[in-house]
Amino acid sequence: MGERKIIYLDHHATTPVDLRVLQDMLPYFTEVYGNAASIDHEYGYEAKQAVDKAREQIAKAINAQSEEIIFTSGATESDNIALFGVAEKYGHRGKHIITAVTEHKAVLDCCKRLEEMGYTVTYLPVDEFGLIDLQSLEKAITPKTILISIMAANNEIGTIAPLEEIGRIAKKHNVFFHSDAAQAVGHIPIDVQKMNIDILSISGHKLYGPKGIGVLYRRKSNPRVNLSPVIYGGGHEKGLRSGTLNVPAIVGIGKAVELACKEMAPAEKRYRQLTDYLWKALKTDFPGILLNGHPEKRLAHNLNISIPGIESKALIVLLKDVAVSAGSACTTNSVEPSHVICALGFGEGRAHNAIRISVGRFTGAEDIEQAVQSLSKAVKGLLQLSSV
Ligand SMILES: Cc1ncc(COP(=O)(O)O)c(C=O)c1O
């Protein structure tokens, strides 16, 4: 990336690997490189032990049991197993699924495919803050409903869903509850027991772990969730996800989850200070600025703003020393305005103006100071251009 420092404020897209995580991973590339399924010798046995430890670290972090942890390639795959897995196993009971319009494409595109396969999907709308209405959720449940899939925290606006309440409704009606927690685990407390979550998706690279690794939590009992696999083969991960285990990455996600949960409270406080400062500084310079998402029920490291008259794509091109995003990483190639911001009901204009800023573990106060200056300069430049 050359000599010039670019301030990275796009931690919803991905995070750097924490050096403490990397340190733990390294021996598993070159020293303990055994196949965790070939446990007749020390190489494989040690690899399996490392995988078992990671399973325990993750289970402990979300109040699950280690047998309920399945390793996948990321939250996208976990979401796919959750949706198609439930649909295939429980389709005989009913073919109705409930989700929300603001979900990640990893859930929405599975739903689209399921519709093509004969399932019915209810896409719940959200209010101006990105929250679903709990009464509407309960009303949407029919005797044919087999799954509710609602994300824990939104990847664009950071709005945190009322997971406990959703879990209570799902349990009351005997419907499975899946939550895509890619942006939530390690940032907000997740307790699958207290929240009655039956299936949960986690991503390694959103919490200072490596890319290409994820977790699917699947409840073992009360109620047991049976899932059909999406990938078939050697029967790894209880037959749910075949393929040789990526031991270094599994060690990495285990450590990353453990660290993020241990350091959650002080990190949240620091993130809140940084994003509050950023918001107030920008608001002083541009009083018309709008906050997208919920003012309180939001991830502390998220700030999603719209500045009227400023096209986010143009701003991002102009911002040479700050890395922010105009939407979610998975849809940045599209020219469509963000489906999440559009769902808030303010019209497409606000979506075209939306900028997602997300601070992280290694973001300092001086980085935010610099970002404010660069953002203000770029916005003023664009406003001047448009007034000519
Ligand atoms: C909410 C959410 N779900 C799923 C994903 C996909 O995760 P992964 O990159 O691990 O497949 C992301 C990442 O963009 C996300 O933010």
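This is a predicted model: local features need pLDDT of at least 70, side-chain atom pairs count only at pLDDT 80 or more; totals for chains, interfaces and linings use all residues.
Let me begin with the interface inside this chain: domain 1 and domain 2 bury about 2900 Å² between them, and 56% of that area is on carbon and sulfur atoms. Within the part that domain 1 buries against domain 2, Met 264, Leu 299 and Arg 361 supply 26%, which is more than any other three residues give.

For orientation, the domain assignment gives domain 1 as 7-16 together with 264-387, while domain 2 covers 19-262. The contact between the two takes 33 residues from domain 1 and 36 residues from domain 2. As for their placement, the C-alpha centres of domain 1 and domain 2 lie 28 Å apart.

What kinds of polar pairing are found across the interface of domain 1 and domain 2? The rule finds 18 residue pairs in polar contact there, counting pairs in which both residues have pLDDT 80 or more, whereas the count of salt bridges between domain 1 and domain 2 is 0. On the side of domain 1 that touches domain 2, the elements giving two or more residues are helix H9 (264-285), strand S10 (302-306) and helix H11 (339-343). Of that side, H11 contributes the largest share, with 4 residues.

Now I turn to some individual residues, starting with Thr 159, which sits in the loop between strand S5 (145-149) and helix H7 (163-172). Is Thr 159 buried or exposed? Its relative accessible area is 4%, so Thr 159 is buried. Setting aside residues up to four places away in sequence, Thr 159 touches a set of residues that includes Phe 129, Leu 131, Asn 154, His 294, Lys 297 and Arg 298.

Ser 78 belongs to helix H4, residues 75-90, and because its relative accessibility is 0%, Ser 78 counts as buried. Apart from neighbours within four places in sequence, Ser 78 is in contact with Thr 72, Ser 201, Ile 202, Val 215 and Leu 216. Ile 150 is 72 residues away from Ser 78 along the chain, and the C-alpha atoms of these two residues are separated by 14 Å.

Most residues other than glycine have a negative phi, and most peptide bonds are trans. Against that background, a cis peptide bond joins Asn 222 and Pro 223, with omega at about -5°. Glu 237 is also placed in the loop between S8 and H8, and its phi is near 50°, a positive value in a residue other than glycine. Lys 238 is found in that loop as well, with a phi near 60°, again positive in a residue other than glycine.

I will finish with the cysteines. How many disulfides does the rule count? The count comes to 0. Cys 111, for instance, is in no disulfide, and the nearest cysteine sulfur, that of Cys 110, is 6.8 Å away. A disulfide needs the two sulfur atoms to be within 2.5 Å. With a relative accessibility of 0%, Cys 111 counts as buried, while Cys 342 is partly exposed, with a relative accessible area of 27%.

Notes
Residues are numbered from 1 along each chain as its sequence is written. Side-chain values use heavy atoms; hydrogens and water are left out. Buried means under 20% relative accessible area, exposed over 50%, partly exposed in between (1.4 Å probe, protein chains only). Domain bounds come from an automatic or database domain assignment. Contact means heavy atoms within 4.5 Å. Buried area is the accessible area (1.4 Å probe) that two parts lose on being put together, summed over both. A salt bridge is a side-chain nitrogen of Lys or Arg within 4 Å of a carboxyl oxygen of Asp or Glu. A polar contact is a pair of N or O atoms within 3.5 Å; within protein, one must be able to donate a hydrogen and the other to accept it, and residues adjacent in sequence count only if both atoms are side-chain atoms.
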